Structures are given as structure tokens and as C-alpha cells.
Amino acid sequence: MNNQPLPGPKRVRFVELNAKALRALADGDLPAADAEAGVALDEHFISDRARWIFGYRADQLVREPSAAPWITRAVVSEPDGVVVGDAGFHGPPDAAGMVEVGYTVVPGFRRRGYARAMLTALLQRAAAEPGVTTVRARIDSDNAASLATIAGFGFTRVGEQGNEGDGLTVIFEVPAAATTTGHPGRLGGA
């Protein structure tokens, strides 16, 4: 039997991706995005799907500059300083106080605890905001890794949506006040 200690929870910090960084990613210009963000982003950030998402978020900031503190950030592993993914909310709280989380782990860093660290940090942020009452997560029904990630965080299945082309997406929610955890992770600047 292996007597080596199990690794502890991952620690992450969030680095803002401003409108210029988001637009550079949408355009596939990784060097410009790196320079704007101040961290070395992974090639995953300019995949076709990521480019679409970052373009959407850049346009969102043009329409709604007040969304900046809420949306996508690069996620950096601590203490090594490597970008392991992106995470944030889909926007500020809606009129009912609901925010929706979103997170992606760079493929080379999956199954190492980073998604849990990202989700922990997002939930801590939501719980600290007086206007947030509910945190939502939408997960494709065939995404076993994300379904496993939210297990243990108190989410309850509240619905589903989908169509023939996109498949089934399961909707989960948890009261923001119920999301305080002892897992490490923090939102903020670089």
C-alpha cells in the first residue's frame, strides 16, 4: 500500500479578463490576450468553443459594463501560478437575486480538483454578496465530471431543458447562504 499523503484541496485565484482580453481571445490572438491579462493563457482559451464564449462575454461588457465584476476570469493555480481554466458568473444577480456559475478546466489539468476549487471560490463570492439569494448551475446530462463536481455542494435539481440538437441540460440551484464551505479559493485580481 502507498503511504504517501493525499494531496490537499487545490488553491486558486482569479484574474480579470477585461474587454480587451476577451476580444483578443474571441479573435484568436493569444499573445494579445496574455499581455492584457498579465498571465500566460492556455491554447484552450482560443479553441472554437472558447472563442465563441469569450466573444459573447466581450459583447456583454459593451452592452452592460457593470457586469465586469461578475463574468469570466482566468483561474490560476496557487502557488505555482499556472492558468488552469476560467470561471465566473454569467452576469450580475438578476431581479430575484440569482446568479449562474460557469467554469471550465483546461484539459491537461482535469481530474485534479481544480473544478471543485473554482466552484468553491464562486460559491464563497456569491454567499458574500448581499444581493445574491440563489446560485444556479446548468450541466449537460452527459457531463459526468461536472455532475460529480457539484455533488456535495448542496445543489438541488430544479429542472431541465433541451432539444434534440443540444441534448438535455439539467438545472441545479442552491441557496447562496447555504454555500459557505471551508475549501480554499478566492476571487479577485492578479
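**A first look at the fold**

The protein chain has 5 helices and 7 strands. The model is predicted.

User: In what pattern do they follow along the sequence?
Analyst: The pattern reads β-α-α-α-β-β-β-α-β-α-β-β.

User: How much of the chain is buried?
Analyst: Of the 190 residues, 43% are buried.

User: And the contacts, how many join residues 24 or more positions apart?
Analyst: Such pairs make up 58% of the contacts with a separation of 6 or more.

User: Let's go to H1. Which residues there are buried?
Analyst: H1 covers residues 19-26. Its buried residues are Ala21, Leu22, Ala24, Leu25 and Ala26.

User: What do they pack against?
Analyst: Two helices: H2 (30-37) and H3 (48-63).

User: Take Leu25. What does Leu25 touch?
Analyst: Leaving out residues up to four places away in sequence, Leu25 touches Leu17, Leu30, Ala33, Leu41, Phe45, Ile46, Arg51 and Phe54. Leu25 also belongs to the largest nonpolar core, which has 55 residues. There, Leu25 is among those touching the most other members, along with Leu17, Leu41, Phe45, Tyr103, Val135 and Phe155.

User: Which helix gives the most to this core?
Analyst: Helix H4, residues 114-128, with 9 residues.

User: Back to H1. What happens at its start?
Analyst: A side-chain oxygen of Asn18 comes to within 3.1 Å of the backbone nitrogen of Lys20.

User: And just after H1?
Analyst: Gly28 sits there, with a positive phi of about 80°.

User: New topic: Thr72. Where is it?
Analyst: Thr72 lies in the loop between H3 and strand S2 (73-78).

User: Buried or exposed?
Analyst: Thr72 counts as buried because its relative accessible area is 7%, and the cut-off is under 20%.

User: Which residues does Thr72 touch?
Analyst: Beyond four places away in sequence, Thr72 touches Leu17, Phe54, Arg57, Asp86, Ala87, Gly88 and Phe89.

User: Now pockets. How much space is in the largest pocket?
Analyst: About 1500 Å³.

User: What lines the largest pocket?
Analyst: The lining has 45 residues. Arg49, Tyr103, Thr104, Arg138 and Asn143 lie nearest the centre. Elements giving two or more residues include strand S3 (83-89), strand S4 (98-105) and helix H5 (144-150).

User: Which element gives the most?
Analyst: H3, with 7 residues in the lining.

User: How does the lining divide into nonpolar, polar and charged?
Analyst: There are 17 nonpolar, 16 polar and 12 charged residues.

Technical notes. Residues numbered from 1 in each chain as written. Predicted model: local features only at pLDDT ≥ 70, side-chain atom pairs only at ≥ 80, totals over all residues. Heavy atoms only, no water. Buried < 20%, exposed > 50% of the residue type's maximum accessible area, 1.4 Å probe, protein only. Helix = DSSP H or I, 4+ residues; strand = E, 2+ residues; numbered from the N terminus. Contact = heavy atoms within 4.5 Å. Polar contact = N/O pair within 3.5 Å; in protein donor to acceptor, adjacent residues only side chain to side chain. Core = buried A, V, L, I, M, F, W, Y, C linked by side-chain atoms within 4.5 Å. 1 Å grid on protein atoms, 1.4 Å probe; cavity = no way out; pocket = protein on both sides within 12 Å on 5 of 7 lines; lining within 4 Å. Points joined across faces, edges and corners; volume = space filled by probe spheres on them. Nonpolar A, V, L, I, M, F, W, Y, C, P; charged D, E, K, R; others polar.
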